[in-house]
Amino acid sequence: MIISHKIRLDPSNKQATYLAKAAGTARFAYNWALAEWQTQYAAWKDDNSQPKPNQMGLRRQLNAIKREQFPWMLEVTKNAPQMAIIQLGQAFNNFFAGRAQYPQFKKKGKSRDSFTLTNDQISLDDCRIRIPNLGLVRMRETLRFSGKILSATISRTADQWFASITVDTASNHLPPAENQGAVGVDLGVSALATLSTGAKVTGAKPHKALLSRLKRLSRSLSRKVKGSANRHKAKQKLAKLHARIANIRQDSLHQLTTDLTRRFHTIGIEDLNVSGMVKNRHLSRAISDMGFFEFRRQLEYKAGMRGAVVVVADRFFASSKTCSAPGCGHKVNKLPLSVREWTCPVCGAVHDRDINAANNLEKYAVSSTVSACGGEGAGLGRKPKTKPAPMKQEFNRKLDLG
């Protein structure tokens, strides 16, 4: 199993300068290679006898000219420019396969500063990581996983540096799900998640809580003179606040998804059209603040680690409009978002809109698991293919049972 652990670094001022220089070198190499790729590709289209661009050829071309044209590249590790070009090649592979858009040039200050190191260029010494041409840099914690280190990506968020260390480990570090049955999860704006057990999780809503401060710092930045030291300070303050909002949201989602995958072996959710939902100007801010896509991503990879199953209902599955009472299943024609409770005209059951949707998602997940595996208890036997993400695992979650 390949998994990553993202650890915050504690570099000195001299070390932070080196890291910024290496990230700038990687950004320059990426942009240089992209420009060369476009030029060589245009020449190849005009004359097929010309060589078609590829990342290996661009790496050799850069190595041949960097000592004369870019001598400052020699001040940092050789991995910084070389891995940037390899990543450009992967970006083009994804583009030609239809998995991503055409690669774009990276802009200083507008793209995440980062560079990647291969396993032969790094080593760990307890709470320190050795980086070429720099030496040992302190880490805030030790690496949690044992196994072969594949690579490390050094990145900066606001004014903080992180090392995402990728490890190929043979054992699973998470215990299996507790098998407390199946659960349906209905996502919403007023409550982040409503479970079929009746529990509701309100969500952190960090953007809404810090919106006034965000507006104030944004106005302050807009008044500063471009290129001035005061503008740089204001930009750092705003970046720190954005990082804080993202961290609060990530922590809330990690606690919720960890709790769900720890307790339940079968989890039913909806296939939400998030990109379409955020086009609603009245709800786009609230939807983005909840992080629906990130919730599903975390839920799927953590369920895969624990041997649980995530069943995704069809996008047009009428979870809210269908009566979840036993033996009923009546579907109403219309149910506006403003209606939070409704009464089934057939059986007379009174439903909370969100709890009713969660109950239907649970039934859908159980029926799908039974039909696919031959029995309800066979859910733990399924092993969906998921890719672990470089995020920390949390194991406590307080649910609002109101």
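Q: Contact means heavy atoms within 4.5 Å; what share of the contacts with a separation of 6 or more comes from residues 24 or more positions apart?

A: Residues 24 or more positions apart account for 70% of the contacts in the protein with a separation of 6 or more. Residues are numbered from 1 along each chain as its sequence is written, and side-chain values use heavy atoms, with hydrogens and water left out.

Q: What is the mean pLDDT of the protein, and over which residues is the pLDDT below 50?

A: pLDDT is the predictor's confidence in each residue, from 0 to 100. The mean here is 87, and 92% of the residues reach 70 or more. Residues 376–402 fall below 50, although this stretch has 77 contacts in the model beyond near neighbours in sequence. Where pLDDT is low, the predicted coordinates should not be read in detail.

Q: How many helices and strands does the protein have?

A: Helices (H or I, at least four residues) and strands (E, at least two) are DSSP runs, numbered from the N terminus. By that rule the protein has 10 helices and 14 strands. Taken along the principal axes, its C-alpha atoms fill a box of roughly 80 × 55 × 55 Å.

Q: How many residues does the largest nonpolar core have?

A: In soluble globular proteins, nonpolar side chains tend to be buried together. A residue is buried under 20% relative accessible area, exposed over 50% and partly exposed in between (1.4 Å probe, protein chains only). A nonpolar core is a set of buried Ala, Val, Leu, Ile, Met, Phe, Trp, Tyr and Cys residues joined through side-chain atoms within 4.5 Å. Of the 402 residues of the protein, 42% count as buried. The largest core has 43 residues, and those with the most contacts inside it are Leu 9, Leu 19, Phe 115, Ile 154 and Ile 165. Helix α1 (residues 13–46) supplies the largest share of this core, 11 residues. A second, separate core of 23 residues includes Ala 177, Val 201, Leu 253 and Phe 295.

Q: Which residues does Phe 115 touch, not counting those up to four places away in sequence?

A: The partners of Phe 115 are Leu 19, Ala 22, Ala 23, Ala 26, Thr 77, Ala 80, Ala 152, Thr 153 and Ile 154. One of them, Ala 80, is also among the buried residues of helix α3.

Q: How many residues does α3 have, and what span does it reach?

A: The expected span of a helix is 1.5 Å times one less than its number of residues. With 18 residues, α3 reaches 25 Å from its first C-alpha to its last, close to the 26 Å expected. Its buried residues include Met 83, Ile 86 and Phe 92, and their cover includes α1, α2 and β2 (114–118). Just after α3, Gly 98 takes a positive phi of about 80°.

Q: How many aromatic pairs does a search of the whole structure find?

A: A pair of aromatic rings is described by the distance of the centres and the angle of the planes. Rings of Phe, Tyr and Trp (its six-membered ring) pair if their centres lie within 6.5 Å; planes under 30 degrees apart count as stacked, over 60 as edge-to-face and the rest as tilted. The search finds 10 pairs. Phe 28 and Phe 70 have ring centres 5.0 Å apart and planes at 70°, so they are edge-to-face. This pair links helix α1 with the loop between α2 (55–69) and α3 (79–96), across 42 residues. Phe 28 is partly exposed at 30%, whereas Phe 70 is buried at 11%.

Q: Why is the pair of Tyr 41 and Trp 44 tilted?

A: The pair is tilted because the ring planes lie at 35°, with the centres 5.6 Å apart. Both residues lie in helix α1, 3 residues apart, about one turn of the helix.

Q: Which charged residue sits over the ring of Trp 44?

A: A charge sits over a ring if NZ of Lys or CZ of Arg is within 6 Å of the ring centre and within 35 degrees of the ring normal. The charged end of Lys 52 takes this position, 4.7 Å from the centre of the Trp 44 ring. Lys 106 lies over the face of Tyr 30, at 4.4 Å from the ring centre.

Technical notes
Contact = heavy atoms within 4.5 Å.
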